[in-house]
Amino acid sequence: MEFKKLANYFQKIENASSRLDMTNILAELFAEADAKEIGKIIYLSQGELSAAYVGLESGMGESLIAEGVAKANGYSKEDVEKGYKDLGDLGLVAEKLAGNKKQRALFSSKLDVEKVFANFYKIANVEGGGSQQLKIKLFAELLNSASPVEAKFIARIPAGNMRLGIGDPTIMDAFAINLSDELRKNKKVIVELESELKEKKEEKRKTELDRKIKFRVRAMIEEKYNIHSDLGEIASILKGKGLKGLENVEITPGIPIRPTLAERLESTEKIVEKIGKCLVEAKYDGFRFQVHKKGEEVTIFSRQSENMTHMFPEIVEGAKKQINSKSAIIEGEALALDEHTGQYFPFQVTIQRKRKYDIDEKAKEFPLKLFAFDVMMVDGKNLMDTAFEKRRAALKKLIKKGDVIELTDGIVSDNPKEIDEYFETSIEKGLEGIIAKDLKAKYIAGARKFAWIKLKRSYKGELSDSVDVVIVGYFKGRGKRVQFGLGGLLTAVYDEDEDKFKSIAKVGTGISEDKMVELEKMLSKISSSKKPARVDSGIEPDIWVEPKYVIEVRADEITRSPTHTAGKKNDEGYALRFPRMISDRTKKPEEATSVKEILKMYKMQKHVQVED
Ligand code: AMP
């Protein structure tokens with residue numbers, strides 16, 4: 001595909017005012033692409049150069065990008081930097097300058113997707129002396145041949161920020177539109193879906209059937225994506241072999257599985273009522289790790305499926321020694337333990353291990369232990385559909401005794417009183433609470449079902465749990481805060497059903513002065529001149545931003561609100577009362593707290609006994 005065509009599609013998506021329009025445009029784009037290029041198109045549309053878990057980056061900061069834009073168009077770097085100050089987006093600067101080139105390249109050729117991708121791939125992989133100059137050269141070579149609209153998107157790629165707001169669910173929905181006709185040919189499925197529609201009125205049946213088919217296709221794609229987090233690869237399978245190709249997508253060591261998530265309930269009675277006899281485990285406050293072993297090769301993925309292997313050498317060594325199989329995928333929580341007292345360090349200590357430099361030094365100072373709690377694969381055998389009870393037994397057999405990995409502590413019980421006592425002891429030990437696990441449940445990738453239920457301590461006058469919200473806009477500082485350029489944040493939670501971000505709170509407290517400056521810098525780079533298509537808000541901030549960053553907030557309670565749109569029904573939504581920022585979260589926006597969770601937390605807060 002010519003890159004110009006792709007850039008025009010990106011432009012249409014940028015102009016789209018609704019999520020539905022965005023999905024339809026993407027479906028049209030995917031229909032035009034072939035199997036070889038579709039993966040690349042998907043990575044580029046999300047500002048990536050590979051599947052997110054690989055974490056391949058261009059290694060070009062703003063300064064190099066500006067230099068490349070200047071070089072390609074015959075301007076000085078200062079001209080570009082001035083334009084950046086005025087327009088706030090190097091993409092817009094590149095677009096403008098490409099329309100007013102001071103110098104024409106001797107050689108310019110038509111760009112196609114393959115060429116653009118190939119150059120960026122090289123840019124990401126060059127190393128050593130002279131690599132910066134080579135990066136600029138490869139980048140400028142593309143801009144030399146680019147029309148203004150192409151230049152705009154080419155210049156946005158190296159910073160990983162396309163400003164299009166395309167999330168994974170939108171991509172999967174677009175495929176579901178295109179592949180519905182294939183499923184329609186499957187008589188068995190159609191008979192099954194039609195039988196579910198018997199009760200519906202005749203005239204409604206056709207649209208309902210269409211909707212159900214689309215849903216089914218979407219579920220088929222998502223099921224595979226959950227065990228194989230590479231939408232680019234899945235897309236090329238779909239283009240090449242259609243839905244049938246999905247049958248061969250398997251769980252693979254080295255490719256992350258989307259983690260299962262915990263539900264909440266407010267008491268141990270409710271937990272036992274819901275899942276009966278369960279394994280109740282201590283809830284450790286550290287990093288969630290998915291550890292993949294394939295021969296001597298060990299990979300560690302974070303909860304957000306980022307590759308963190310190089311940061312935790314002691315876990316890599318521990319996994320090599322203690323995992324007693326050729327290949328395996330296990331999961332656990334890693335945290336620093338004070339060897340002298342036998343106590344767990346608080347999260348503030350463990351988090352110091354997330355760093356790019358002085359890794360070995362810190363690993364000696366605060367070595368981590370991994371408390372393993374699940375196993376999804378052993379020697380090529382997929383255990384995800386096996387009952388948790390059996391997986392746990394397999395895990396016990398798999399892990400040899402050693403210094404780094406041990407199994408989580410827990411009790412099997414169906415007695416709320418006994419579980420309460422276990423909860424109290426865990427809290428005394430400095431743990432966060434407990435997680436009860438359904439002994440019969442499968443490993444549910446990427447979803448929050450009642451396989452796991454968490455119970456955390458509630459503090460006086462606070463919601464028992466924090467909320468992860470997405471920043472969708474900000475307010476310029478007033479009064480003392482004028483100097484920071486930011487006075488507060490407009491935040492939202494995620495509506496899974498609609499794939500939209502709905503406003504829930506204005507957050508102005510808990511942000512230090514340094515943090516305000518840092519946030520303003522980060523957010524101004526993703527500002528948007530209009531409300532992003534997937535944002536739904538009753539409040540208009542001074543500046544809209546693409547939903548990208550997630551922060552953790554605590555609040556006193558959840559209240560009904562006429563202004564916010566989260567969970568809105570009959571003119572009333574939900575809001576956080578006295579929200580305060582606690583920390584940054586490295587989550588994807590779609591992994592923020594969902595509207596459904598907010599509704600549950602709202603109901604729960606009425607029951608919770610406040611403890612001292
Ligand atoms: P939350 O992040 O509050 O929704 O709680 C779920 C998280 O608790 C998981 O993602 C894990 O990182 C963490 N966790 C700590 N201990 C355990 C455990 N024993 N089993 C499962 N998850 C645990």
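This report describes the surroundings of a ligand, a pair of packed helices and the place of one proline in a predicted model.

**The ligand and its shell**

The shell around the ligand consists of 14 residues. Glu281, Arg288, Glu333, Lys437 and Lys454 are the closest of these. Sorted by class, the shell holds eight charged residues, five nonpolar residues and one polar residue.

Oxygen atoms of the ligand lie within reach of N or O atoms in several side chains, and the table lists the distances for lysine 283, arginine 288 and glutamate 333.

| Ligand atom | Side chain holding the N or O atom | Distance |
|---|---|---|
| oxygen | lysine 283 | 3.2 Å |
| oxygen | arginine 288 | 2.8 Å |
| oxygen | glutamate 333 | 2.5 Å |

On its own, the ligand has 490 Å² of accessible area, and the protein covers 90% of this area.

**Two packed helices**

A pair of packed helices is described by the angle between the two axes and by the distance between them. For helix H4 (residues 62–73) and helix H5 (residues 77–87), the angle is about 115° and the axes are 8 Å apart. The crossing of H4 past H5 is right-handed. On the side of H4, the contact is made by Glu62, Ser63, Ala66, Glu67, Val69 and Ala70, while H5 provides Lys77, Val80, Glu81 and Tyr84. Five residues of this contact are nonpolar, four are charged and one is polar.

**Proline 253**

Where in the chain is proline 253 placed? Proline 253 belongs to the loop that runs between helix H13 (231–241) and strand E1 (261–264). Serine 229 is 24 residues away from proline 253 along the chain, and the C-alpha atoms of the two are separated by 12 Å. Apart from neighbours within four places in sequence, the residues in contact with proline 253 are His292, Lys293, Lys294, Ile329 and Met377.

How values were computed:
Residues are numbered from 1 along each chain as its sequence is written. This is a predicted model: local features need pLDDT of at least 70, side-chain atom pairs count only at pLDDT 80 or more; totals for chains, interfaces and linings use all residues. Side-chain values use heavy atoms; hydrogens and water are left out. A residue is near a molecule or strand if one of its heavy atoms lies within 4 Å of it. A polar contact is a pair of N or O atoms within 3.5 Å; within protein, one must be able to donate a hydrogen and the other to accept it, and residues adjacent in sequence count only if both atoms are side-chain atoms. Accessible areas come from the Shrake-Rupley method with a 1.4 Å probe; for residues, only the protein chains shown count as cover. Ala, Val, Leu, Ile, Met, Phe, Trp, Tyr, Cys and Pro count as nonpolar, Asp, Glu, Lys and Arg as charged, and the others, Gly among them, as polar. Axes are lines fitted to C-alpha atoms, for helices over the stretch in contact, and angles run from 0 to 180 degrees between N-to-C directions. Helices (H or I, at least four residues) and strands (E, at least two) are DSSP runs, numbered from the N terminus. A crossing is left-handed if the near helix is turned anticlockwise from the far one by less than a right angle, and right-handed if clockwise. Contact means heavy atoms within 4.5 Å.
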